[in-house]
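Subject: Structure handover

Hi,

Here is the structure for your files. My notes on it follow below.

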Amino acid sequence: VRDDDCSLVGFKGRAWREDQQPKYLIAGDTERGIATYGHRYGFAPYDASQYVFGLDKAMPVNGSLIFCEGELNVISMHQKGFTNAVGPSGSTVTETQVRKIARACDEVIVFFDSDLQDDARAFTAKMKVAKVVDLLEPFVSVRVVADHEGDPAEMPEAKIRQLIDESESAMKSKMMQLLGVS
């Protein structure tokens, strides 16, 4: 993970086994880790809430950044040619991250997973998107990608392009919900 100036701030990894916990790990020596294992890394873990993953490499397209859910989606998007993709460097989006994004672009396209597997997960996914939209809207124009199956890492480039092209203004979506129009 790098900061806005491309300086290395830390390392994050993902478990490769399905049932392994924790699923994600930010490398670094914590007080608890030192007490249990001793000094393993020689550096402290970075504070994920302070960084936007991929922002150091992102190139806004027509003033827009695509805000994905998770580092692996950002990496996949870059590999597929969407070099304006960024994501939170952690499980929540913070005001610090929002300010960094707002300084880098005029518009954000929110492309989070829809999690359509069941109603409870779909509701949780919608609430995540709503929170991100609420944080971003005071600073930049926001569009939201419609509900979809899978995440960008699993999608072909053409499907990603279609979803981005069909994304709607977050303000329009809110108005339609208030009016009860589908």
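Among contacts in the chain between residues at least 6 apart in sequence, 61% join residues at least 24 apart. Contact here means heavy atoms within 4.5 Å. Please keep in mind that this is a predicted model, in which local features need pLDDT of at least 70, side-chain atom pairs count only at pLDDT 80 or more, and totals for chains, interfaces and linings use all residues. Residues are numbered from 1 along each chain as its sequence is written, and side-chain values use heavy atoms, with hydrogens and water left out.

**Overall build**

The chain has six helices and eight strands. Helices (H or I, at least four residues) and strands (E, at least two) are DSSP runs, numbered from the N terminus. The order from the N terminus is β-β-α-β-β-α-β-α-β-α-β-α-β-α.

The C-alpha trace spans about 60 × 35 × 30 Å along its principal axes.

Of the 182 residues, 40% are buried. Buried means under 20% relative accessible area, exposed means over 50%, and partly exposed is in between (1.4 Å probe, protein chains only). The accessible surface of the chain is about 10,900 Å². Carbon and sulfur atoms hold 53% of that surface. Areas come from the Shrake-Rupley method with a 1.4 Å probe; for residues, only the protein chains shown count as cover.

On charge, there are 21 positive and 28 negative side chains. Lys and Arg count as positive and Asp and Glu as negative; His and the chain ends are not counted. The centres of the two sets lie 2 Å apart, with each charge placed at NZ of Lys, CZ of Arg, CG of Asp or CD of Glu.

Six strands form an open sheet with mixed pairing, in the order 3-5-4-6-7-8. Strands 3 and 8 stand at the edges with a single partner strand each, so one side of each has no neighbour in the sheet. Two strands pair if DSSP finds at least two bridges between them.

The pairings I looked at are these:

- Strand 3 (residues 52–53) runs antiparallel to strand 5 (residues 85–88), with two bridges. Phe53 has Gly87 as its bridge partner.
- Strand 4 (residues 64–68) runs parallel to strand 5, again through two bridges. Ile66 is the bridge partner of Ala85.
- Strand 4 also runs parallel to strand 6 (residues 107–111), through five bridges. Leu65 has Val108 as its bridge partner there.

Glu168 lies in strand 8 (residues 168–169). Is Glu168 buried or partly exposed? Glu168 is partly exposed, because its relative accessible area is 35%. Beyond its neighbours within four places in sequence, Glu168 is in contact with Val142, Arg143, Val144 and Ser173.

**Helix 2 and Glu71**

Glu71 sits in helix 2 (residues 71–79). Glu71 is buried, because its relative accessible area is 12%. Leaving out residues up to four places away in sequence, Glu71 touches Lys12, Tyr46, Phe53, Pro88, Ser89 and Gly90.

Which residues of helix 2 are buried? They are Glu71, Asn73, Val74, Ser76 and Met77. The buried residues of this helix pack against strand 1 (12–14), strand 3, strand 4, strand 5, strand 6 and helix 5 (157–165). Gly81 follows helix 2 and has a positive phi, near 100°.

Two residues to check by eye are Cys6 and Asn62. Cys6 is not a glycine, yet its phi is positive, near 75°. Cys6 is in the segment before strand 1. Its relative accessible area is 38%, so Cys6 is partly exposed.

Asn62 is not a glycine either, and its phi is about 50°. Asn62 lies in the loop between strand 3 and strand 4. At 78% relative accessibility, Asn62 counts as exposed.

Best wishes
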